[in-house]
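Q: Can you walk me through this model? I'd like to go feature by feature.

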Amino acid sequence: MSRKIRDVMSPGAAAVEPMTTVARAARVMREQDVGDVLVAYDCDLFGVLTDRDIVVRALAAGRDPADTTVGSVCTPPPVVTLSPDDTTDRALELMRKYAVRRLPVVEHGGCPVGVVSLGDLATTEEPLSVLADIGKAAPNH
């Protein structure tokens, strides 16, 4: 049964500005216990930075995290987004189409208000599935 994104998303997603260093963004991820941050300037969503982006586009490329900006290594625009009024079916469709595990949720002309992850959807849509169990597990520290 499809539900509204507002009912399953993680509100108040972590965000950094494009000129923030990769090292600072990594600390934000650690502090907030998340694997991604939105890259935004005010209400303009610029991109998404994942822990994988840090590894592949910064560290593995030999870039210094203290000098590299998130704007130079994040998933660039255009960013696929959802609105809080979209459905979980729409989220699954977009995740499948674009091969992503997380989608920013935006409203009022693109202002970020949260993130919905594959784990959020699994927990909601298939609460007895293995993926839902993994999504509910305590994070590694």
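Q: Is Asp42 buried or exposed?
A: Asp42 is exposed, with a relative accessible area of 64%. Buried means under 20% relative accessible area, exposed over 50%, and partly exposed in between, using a 1.4 Å probe and protein chains only.

Q: Where is the place of Asp42?
A: Asp42 sits in the loop between strand 3 and strand 4 (44–50). Helices (H or I, at least four residues) and strands (E, at least two) are DSSP runs, numbered from the N terminus.

Q: What is the phi of Asp42?
A: Positive, about 55 degrees, although Asp42 is not a glycine. Most residues other than glycine have a negative phi.

Q: And what about phi of Asp33?
A: Asp33 also has a positive value, near 55 degrees, and is a residue other than glycine. Its place is the loop between helix 1 and strand 3. Asp33 is partly exposed, because its relative accessible area is 42%.

Q: Before we go on, what kind of model is this?
A: It is predicted: local features need pLDDT of at least 70, side-chain atom pairs count only at pLDDT 80 or more, and totals for chains, interfaces and linings use all residues. Residues are numbered from 1 along each chain as its sequence is written, and side-chain values use heavy atoms, with hydrogens and water left out.

Q: How many helices and strands does the protein have?
A: There are 5 helices and 6 strands. Along the sequence the pattern reads β-β-α-β-β-α-α-β-β-α-α. Of the 141 residues, 36% are buried.

Q: Which residues touch the most other members in the largest nonpolar core?
A: Val16, Val22, Val37, Val39, Leu49 and Val70, out of 14 residues in that core. Helix 1 (22–32), strand 3 (36–41) and helix 2 (51–59) each supply at least two of the core's residues. Helix 1 gives the largest share, 4 residues. A nonpolar core here is a set of buried Ala, Val, Leu, Ile, Met, Phe, Trp, Tyr and Cys residues joined through side-chain atoms within 4.5 Å.

Q: What does Val16 touch?
A: Val28, Val37, Leu38, Val39, Ala40 and Val70, not counting residues up to four places away in sequence. Contact means heavy atoms within 4.5 Å. A second, separate core has 11 residues, including Val8, Met9, Leu94 and Leu121.

Q: Back to the helices. At what angle do the axes of helix 1 and helix 2 cross?
A: Roughly 155 degrees, and the axes come within 10 Å. Helix 1 is therefore roughly antiparallel to helix 2. Axes are lines fitted to C-alpha atoms, for helices over the stretch in contact, and angles run from 0 to 180 degrees between N-to-C directions. Under 35 degrees counts as roughly parallel, over 145 as roughly antiparallel, 65 to 115 as roughly perpendicular and the rest as oblique.

Q: Which residues meet there?
A: Val22, Ala26 and Met29 in helix 1 meet Asp51, Ile54 and Ala58 in helix 2.

Q: Now prolines. Where does Pro11 lie, and is it buried or exposed?
A: Pro11 lies in strand 1 (residues 10–11). Pro11 counts as exposed, because its relative accessibility is 62%. Leaving aside neighbours within four places in sequence, Pro11 is in contact with Val113 and Gly114.

Q: What about the peptide bond from Pro77 to Pro78?
A: That bond is cis, with omega near 0 degrees. Pro78 lies in the loop between helix 2 and helix 3 (88–98).
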